[in-house]
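Welcome, and please take a look at the structure below.

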Amino acid sequence: MDRKQFLRTLALAGAAITVKSKGGMDLMAQSQGKKPVDLVAVMGGEPEEMFRQAIEELGGISKFIKKGWKVTVKPNIGWDKAPELAGNTNPKLVAEIVRQCFQAGAKEVTVFDHTCDDWIKCYRNSGIEAAIKAAGGKMAPANEESYYRKVQLPLGKKLTSTKVHEAILDCDAWINVPVLKHHGGANLSISMKNYMGIIWDRRIFHRTDMQQCIADVCTMEKKPVLNVVDAYRTMKTNGPQGRTTADVVDTKGLFISKDIVAVDTAAAKFFGQIRDMPLENVGHLAKGQMLGLGTMELDKLNIKRIKLG
Amino acid sequence: MLREARVAVSVALFSLITFYFIDFAGLMSGDAANLLARMQLVPAALTASFAMLAGLAVLTLLLGRVYCSSICPMGVYQDAVAWLSKRVAKRKKRYKFGKAKTVLRVSMLAVALAIFLKFPLVSGLIDPYSAYGRIAANIFRPAYMLGNNALATVFMHFGSYTFYKTDVFIASVFSFAVALLTMMLVGYLAWRHGRTYCNTVCPVGTALGFLSRFSIFKIRIDASKCNSCGVCEMRCKAACINSKQHTIDSSRCVGCFSCMGVCRRNCLTFSPALPLGKAATAREGSPAAGNAVDGGRRRFLTAGVAAAAAAPAAMAGERAGSPTGATRYTRQHPILPPGAVSTDNMLRHCTSCHLCVSKCPSQVLKPAFLEYGLAGIMQPTMDFEKGFCNYDCTICSEVCPSDAIKRLTKEEKHLNQGGHVVLNRDICVVPTEEVSCGACSEHCPTQAVTMIPYKNGLTIPHINTEICIGCGGCEFICPVRPFRAIYIEGHAVQSKAKPFEEQKKEEKEIDSFGF
């Protein structure tokens with residue numbers, strides 16, 4: 001289903017490129033409306049403004065969130081770290097997404113993560129709990145197994161079922177909001193790796209071939225309507241936890257797309273400018289592409305690049 | 001009036017300290033809350049807190065053993081049980097004067113003191129605060145958590161996350177059994193006889209009894225008015241009023257004031273002294289009374305023996321839980337909580353009140369079994385089955401009322417090395433399965449475990465024990481089973497870890513997208 005969509009996008013993109021190379025782009029845009037943007041990359045500015053610009057390019061949040069929906073926003077809140085240490089998604093960004101969901105008419109917006117450190121400390125010290133409550137959203141606990149229900153993953157190669165948090169299973173739409181950071185095991189942690197916070201048993205990932213399991217869990221039928229990669233601050237070393245601000249670079253980036261492989265590829269290439277990070281080392285990207293979750297071939301996508309003052 | 005005031009104070013203090021123990025959500029914290037534990041006599045003695053000891057001595061010299069009726073949670077627990085027994089009894093409950101068991105009391109105190117100086121834990125078994133702490137931590141707390149989980153389920157049903165569920169488990173079967181036995185034994189005595197425990201076994205009660213004999217305010221009987229009707233005696237759960245002789249054994253009186261309101265002739269006063277000539281001084285029961293057979297005591301001792309007999313079985317049961325196999329590791333030394341200084345310091349200070357175990361937000365502290373040897377049974381040790389020690393957390397060191405865990409600042413904690421990491425590369429999944437993992441390094445706050453290049457873009461753990469503080473993040477998360485590929489070896493004496501090298505933050509200008 002998603003693959004079909006993806007292929008269509010590919011075909012369209014291909015057509016668009018063909019048209020463009022013939023100089024017929026403007027004409028097409030006039031006759032058929034604007035060609036849809038697949039991925040938006042933003043640099044500079046503050047998290048709220050960056051997201052506003054990016055979502056605008058994709059046609060506004062109401063394209064993804066409908067009136068009366070129950071929405072779940074899934075940031076990375078894995079560590080008991082202050083926002084400056086970039087171990088977690090930027091609270092300003094998460095709050096802005098929650099506010100926009102409400103503007104689009106969402107009935108309720110729930111935020112959670114299955115944290116690594118003590119969840120109460122993570123929620124509090126990441127600044128996310130306070131920001132979300134101020135925005136009118138609610139924080140759901142994810143510290144206990146009974147919050148999770150078993151889900152089959154028929155497309156998974158090594159991981160064929162896993163327990164997923166009810167906030168994901170019971171919502172009308174969910175938005176994946178990872179932070180871009182270095183990861184000692186997976187090499188990079190972005191949107192696909194962020195799935196490890198919606199499930200209960202992570203040890204099985206580590207035991208079984210993490211890169212494949214990450215790709216496998218992303219085949220879950222209920223996909224995020226949007227992936228928003230926070231690269232406002234990027235942890236370049238000692239990830240995913242980090243030690244001090246010396247591990248952090250102020251990169252002021254944001255990447256947003258429905259295509260999870262594409263957005264992670266873009267973010268990984270962005271990261272590659274800070275330190276060498278061959279895409280092959282981030283094995284779950286190619287494995288995700290193999291499973292039809294998206295494309296690593298950014299050239300074939302319609303990417304909108306925005307630089308803010 | 002006095003009785004009502006006593007009830008009000010004791011209910012308030014009892015509720016507070018009980019809630020302090022069972023409060024898994026950390027709603028109650030701070031120095032004021034810690035005072036609830038620090039004002040207990042045994043912790044005050046262990047920390048040699050002069051102010052606290054002097055305060056308690058002055059209180060007792062002024063008002064008698066009111067400590068036992070208000071500050072001591074075990075005392076109030078017994079009152080609650082006795083009150084309940086009165087409510088359900090078919091016949092009206094009557095207490096009767098009993099002779100003082102001076103020999104038993106004093107010898108219990110002597111034994112407790114002797115052990116106290118070397119191993120407070122053993123006397124901690126009969127110390128009322130620690131014994132109550134274990135009951136609260138092992139029995140009341142899980143019950144409270146189960147109630148919370150039920151409530152959370154109901155609320156969740158209506159889409160509210162006001163309450164959250166929490167993992168309920170018994171950290172140590174042995175400690176649970178000890179707590180349950182204590183609760184049942186003391187409860188039984190209270191149900192049948194009132195404050196028997198306080199006037200036979202309790203070393204704190206006996207110690208305070210020495211002082212309360214000389215207290216300024218005492219409950220006194222005006223012998224000139226008293227007709228020995230015995231109504232006060234029937235109300236005395238400490239069994240210290242001899243209405244026939246018009247005497248009150250003020251070394252045993254716990255200051256509950258239950259007798260005060262019932263005297264129809266108003267012969268009872270709580271006053272500095274009776275007018276001269278009328279004074280009826282309280283006399284101790286003769287030491288020979290200690291030989292008198294007491295049903296409660298006999299039962300108590302029998303039960304005690306039964307408990308001792310049952311303990312090895314419980315111990316064996318726990319031992320059976322540990323893994324066996326070829327690559328098993330056995331910790332050479334258990335891991336002390338951060339701030340415990342050394343095993344020696346722990347042995348000399350900890351009465352195993354379980355406050356740290358209850359308050360640990362990461363569920364990493366659990367009562368030891370034989371890890372510290374017999375003398376350290378039930379003292380806290382770190383166990384990484386349920387969690388690992390949070391890098392920034394210093395809660396156990398803040399709550400410990402006995403200085404068994406000394407207070408640490410966050411900065412001190414960051415360098416407090418209670419153990420070091422050991423890596424068994426032979427069973428690590430990276431080389432055995434040739435897959436990426438990095439779970440250990442991911443959880444390492446100092447990066448004593450880092451991932452270094454291995455092959456095919458894979459990374460493999462590399463350890464630096466100098467900067468390891470032994471938090472157990474790596475051991476907790478290591479996915480290898482049945483034996484983990486990485487674990488913490490404890491230190492008998494905690495030391496200072498080498499601070500990790502702090503890199504300078506480099507300003508990196510990135511002005512293109514990279515794709």
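Here is a guide to this structure, grouped by topic. Keep in mind that this is a predicted model.

**Where chains A and B meet**
- The contact between the chains brings together 46 residues of chain A and 38 residues of chain B.
- On the side of chain A that touches chain B, at least two residues each come from β1 (39–43), α5 (119–125), β4 (138–139), α8 (203–208), α9 (210–217) and α10 (260–271) of chain A.
- By class, this side of chain A has 17 nonpolar, 16 polar and 13 charged residues.

**The nonpolar core**
- The largest nonpolar core has 216 residues, and those touching the most other members are A:Val94, A:Ile97, A:Val98, A:Ile214, A:Leu254, A:Phe255 and A:Ala267.
- Nine residues of this core come from α10(A), which is the largest share.
- Beyond its neighbours within four places in sequence, A:Val94 has contacts that include A:Val73, A:Pro75, A:Ile128 and A:Val177.

**Two domains in chain B**
- The domain assignment divides chain B into domain 1 (2–289) and domain 2 (328–496).
- The C-alpha centres of domain 1 and domain 2 of chain B are 38 Å apart, and their contact takes 26 residues from domain 1 and 25 residues from domain 2.
- On the side of domain 1 of chain B that touches domain 2, α9(B) gives the largest share, six residues.
- That side of domain 1 of chain B comprises 13 nonpolar, nine polar and four charged residues.

**A helix check**
- Helix α4 of chain B (residues 50–63) has 14 residues, so at 1.5 Å a residue it should span 20 Å, and its end C-alpha atoms agree, being 20 Å apart.
- After α4(B) comes B:Gly64, with a positive phi near 90 degrees.

Methods
Residues numbered from 1 in each chain as written. Chains lettered and ligands numbered in written order. Predicted model: local features only at pLDDT ≥ 70, side-chain atom pairs only at ≥ 80, totals over all residues. Contact = placed C-beta atoms within 7 Å. Helix = DSSP H or I, 4+ residues; strand = E, 2+ residues; numbered from the N terminus. Nonpolar A, V, L, I, M, F, W, Y, C, P; charged D, E, K, R; others polar. Core = buried A, V, L, I, M, F, W, Y, C linked by C-beta atoms within 7 Å. Buried ≥ 20, exposed ≤ 12 C-beta atoms within 10 Å, placed from the backbone. Expected span 1.5 Å × (residues − 1). Domains from an automatic or database assignment.
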